[in-house]
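Trainee: I am new to this structure. Can you take me through it in short steps?

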Amino acid sequence: MKQKKPLSSYVEILRTMIAILISLIIVFAIILLISSQPLSALGDFIFGPLTSVRRFGNVIEGMTPLMFTGLAVIILFKPGLFNLSMEGAFFIGAVAACAASLGLGLSGKTALIVAMAAAAVAGGFICFIPGIMKVKTGSNELVTSLMLNYTCLYVGLWIITTFFYDPTQNSNYSYKFPEGCALSKIITGTRINSGTIIALVTVLVIWVIVNRTPFGFKANLVGENFNMANYAGINSGLMIILTQILGGMLAGLGGAFRHVPALPVFRTPGLWLGRCSDRHRRQTEGTVCPVRSTVFILPADRRGYHVQKFRYPV
């Protein structure tokens, strides 16, 4: 007999939808108050990304790395830790991918694979730090992870500007990535590449891990009741560390996919500090489903459209 879904799962969906609706109402109210052409502004806000393939592609391009950070948030929060170091892992993952692709003398798909692996390892290490400190010393992971994010930011910028800075550029851009170190585009006229497909496959893999494996069950039990998990024979400390490493690896991959396969250089000085973790904390708070989190990322990420709308008209 098929079991019915618990009422709490529907409450979570309803709560997220209500939050999105309230935010849209507030935005619409502000536009009505300050805009001389409110209807035109509202039309651009709602339908603007759909007016051309390139604009829609900008939304998908911005959505792809955020899918990885959304998955990272779900995994990091599973054992009950409020670890926000996925932001630092995102940035350091991008820096590690840049360093691996430029510093090892590799080219083509080999450079791309090594860059992705370096990003995953670096991101996993960053999120491992607050996790191990929580397990070993009982330190507050919220405080340590927020401090760690800024450490990652400035250390990463130092690495880029010291070892990979291109003096011919007028900003903190790196040298160009090796030839062939890119993913194939899947939609002509946009920068949407096969990284989007990889991200969607990763969503399904994480869904299986979270909902259909002993690892996901144990991580969930640790988050629900730490003492009960210990009583049941689960090594709660180990589960905390493993989930933090896995979440960091996903965030690091998000940073790597934001740069190496999609852009010719490392060119975002501060990356998205304050955007990834804050956005995904709001979107995935109380949401433990990777697929559901991904669905909410698409309408939320409109930055690419608005940048292209106002700076690069089609």
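Mentor: Start with a definition: buried means under 20% relative accessible area, exposed means over 50%, and partly exposed lies in between (1.4 Å probe, protein chains only). This is a predicted model, in which local features need pLDDT of at least 70 and side-chain atom pairs count only at pLDDT 80 or more, while totals for chains, interfaces and linings use all residues. Residues are numbered from 1 along each chain as its sequence is written, and side-chain values use heavy atoms, with hydrogens and water left out.

Trainee: Is Phe82 buried, partly exposed or exposed?

Mentor: The relative accessibility of Phe82 is 27%. That value puts Phe82 in the class called partly exposed.

Trainee: Which residue forms an aromatic pair with Phe82?

Mentor: Rings of Phe, Tyr and Trp (its six-membered ring) pair if their centres lie within 6.5 Å; planes under 30 degrees apart count as stacked, over 60 as edge-to-face and the rest as tilted. The structure holds 4 aromatic pairs. In one of them, stacked at 5.1 Å centre to centre with 25° between the planes, the partner of Phe82 is Phe77.

Trainee: Is Phe77 buried or exposed?

Mentor: Its relative accessibility is 18%. Phe77 therefore counts as buried.

Trainee: How many residues apart are Phe68 and Phe257?

Mentor: These two rings are stacked, 5.0 Å centre to centre and 5° between the planes. Both residues are buried. Helices (H or I, at least four residues) and strands (E, at least two) are DSSP runs, numbered from the N terminus. The pair links distant parts of the chain, with Phe68 in helix α3 and Phe257 in helix α10, and their separation is 189 residues.

Trainee: Which residue has a side chain in polar contact with the side chain of Thr64?

Mentor: A polar contact is a pair of N or O atoms within 3.5 Å; within protein, one must be able to donate a hydrogen and the other to accept it, and residues adjacent in sequence count only if both atoms are side-chain atoms. Thr64 sits in helix α3 (residues 53-77), and its side chain reaches the backbone oxygen of Ile60 at 3.0 Å. The side-chain partner, at 2.9 Å, is Thr196.

Trainee: Why does Thr64 count as buried?

Mentor: Contact means heavy atoms within 4.5 Å. Leaving out residues up to four places away in sequence, Thr64 touches Gly195, Thr196 and Ala199. Thr64 counts as buried because its relative accessibility is 6%.

Trainee: How many residues of α4 are buried?

Mentor: Helix α4 (residues 86-103) reaches 25 Å from its first C-alpha to its last. That is close to the 26 Å expected at 1.5 Å a residue, where the expected span is 1.5 Å times one less than the number of residues. The helix is mostly covered, and the buried count is 15 of 18.
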